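Good morning, and thank you for joining this meeting.

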Amino acid sequence: MLLNDSSQINSYCNLAVLISGSGSNLQAIIDAVSSGDVQNAKVALVVSNNSNAYGLHRADKAGIPTVHIPSADKEKLLETLEHHNIDAIVLAGYLSLLPINVVSNYSGKIINIHPSLIPKYCGKGFYGLKVHQAVIEAKETETGATIHLVDEEYDTGKILIQEKIEVRPDDTAEILQKRVLEIEHKIIVKGIKMLVGGCEG
Ligand code: GRF
C-alpha cells in the first residue's frame, strides 16, 4: 500500500529527551535512531535544566534543537513540548521532578531510566554515584538498571524493563557506575521502542 505524506508523518513519534548532565543515554538514543535500530521516531527536542550539561553539545552535534529550561520554570516546559509537537518524553538523567501539568498531559508517554533495581536505591537523593555507593555499602551481590513510566513522584511509576548485573567484590562506586551505564545504554533503546509503539495509532 502506498502511504500518502500525511499518514507517513502521523506514524512518526516525536521524542523529547530531558537531561541534566553528560547525556550518554541521550547519545545511545541518537545512535539507535540514526542507525535505524529505532524506527518511526526522531529526537525532536533536547531539554536540559542545566545550561552547562554536556548532553546539549551532543544534541547540537546531531542537529537536534535544544532548550535550557530551569526546573523552577513550571509553565515553560509544557509550552515548549507542545510547540515542538512532542508525542512522548524520555527522562535520561533528568535530575528534577516534572511539573504536574507535563505528567498529566503526557500520562503513559513518559519513561525514566534509573541506575538501580527499583524499588531499591531510588527516590529523592538517590542519583549519580550515591546510588552505586549505597549498593556497595549494603554489600549487595547484584544491581542493575530500570526503565519505568513516570508519575508525579520520584521513581515510583510502573516498571517496564529491568536488567541485572553482578556486583563484584572489587567494584568501586565509579566502576559500578560505568558497568551499569553499559546496560542502561541497551535498555534505554528497548524502552524507546516500547514508547514509540505507544505513539502509533
Ligand atoms: C544515568 O545513570 C541515569 O540512569 C540516571 O542519571 C544518569 C545519567 O547519565 N538517571 P547520562 O547523562 O545519560 O550519561
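A polar contact here is a pair of N or O atoms within 3.5 Å; within protein, one must be able to donate a hydrogen and the other to accept it, and residues adjacent in sequence count only if both atoms are side-chain atoms. This is a predicted model, in which local features need pLDDT of at least 70 and side-chain atom pairs count only at pLDDT 80 or more, while totals for chains, interfaces and linings use all residues. Residues are numbered from 1 along each chain as its sequence is written, and side-chain values use heavy atoms, with hydrogens and water left out.

Let me begin with the ligand. Which residues surround the ligand? They are Ser22, Gly23, Ser24, Asn25, Gly93, Ile113, His114, Pro115 and Glu184, where a residue counts as near if one of its heavy atoms lies within 4 Å. By class, this shell holds two nonpolar, six polar and one charged residues; Ala, Val, Leu, Ile, Met, Phe, Trp, Tyr, Cys and Pro count as nonpolar, Asp, Glu, Lys and Arg as charged, and the others, Gly among them, as polar.

For the side chain of Ser24, the corresponding distance to a ligand oxygen is 2.6 Å. Asn25 takes part through a backbone N or O atom, which lies 2.8 Å from an oxygen atom of the ligand. Helix H2 (24-34) and strand S5 (110-114) are the elements that give two or more residues to the shell around the ligand. Helices (H or I, at least four residues) and strands (E, at least two) are DSSP runs, numbered from the N terminus.

I move now to the disulfide, defined as a pair of cysteine sulfur atoms within 2.5 Å. The count comes to one disulfide, and it joins Cys13 to Cys199, with S to S at 2.1 Å. Cys13 lies in strand S1 (residues 13-19) and Cys199 in helix H7 (residues 173-199), so the pair ties together parts that are 186 residues apart in sequence.

Finally, two backbone details. The peptide bond from Ile118 to Pro119 is cis, with omega near 20 degrees, and Pro119 is found in the loop between S5 and helix H6 (129-137). Asn40, although not a glycine, has a positive phi of about 60 degrees; Asn40 lies in the loop between H2 and strand S2 (41-48).
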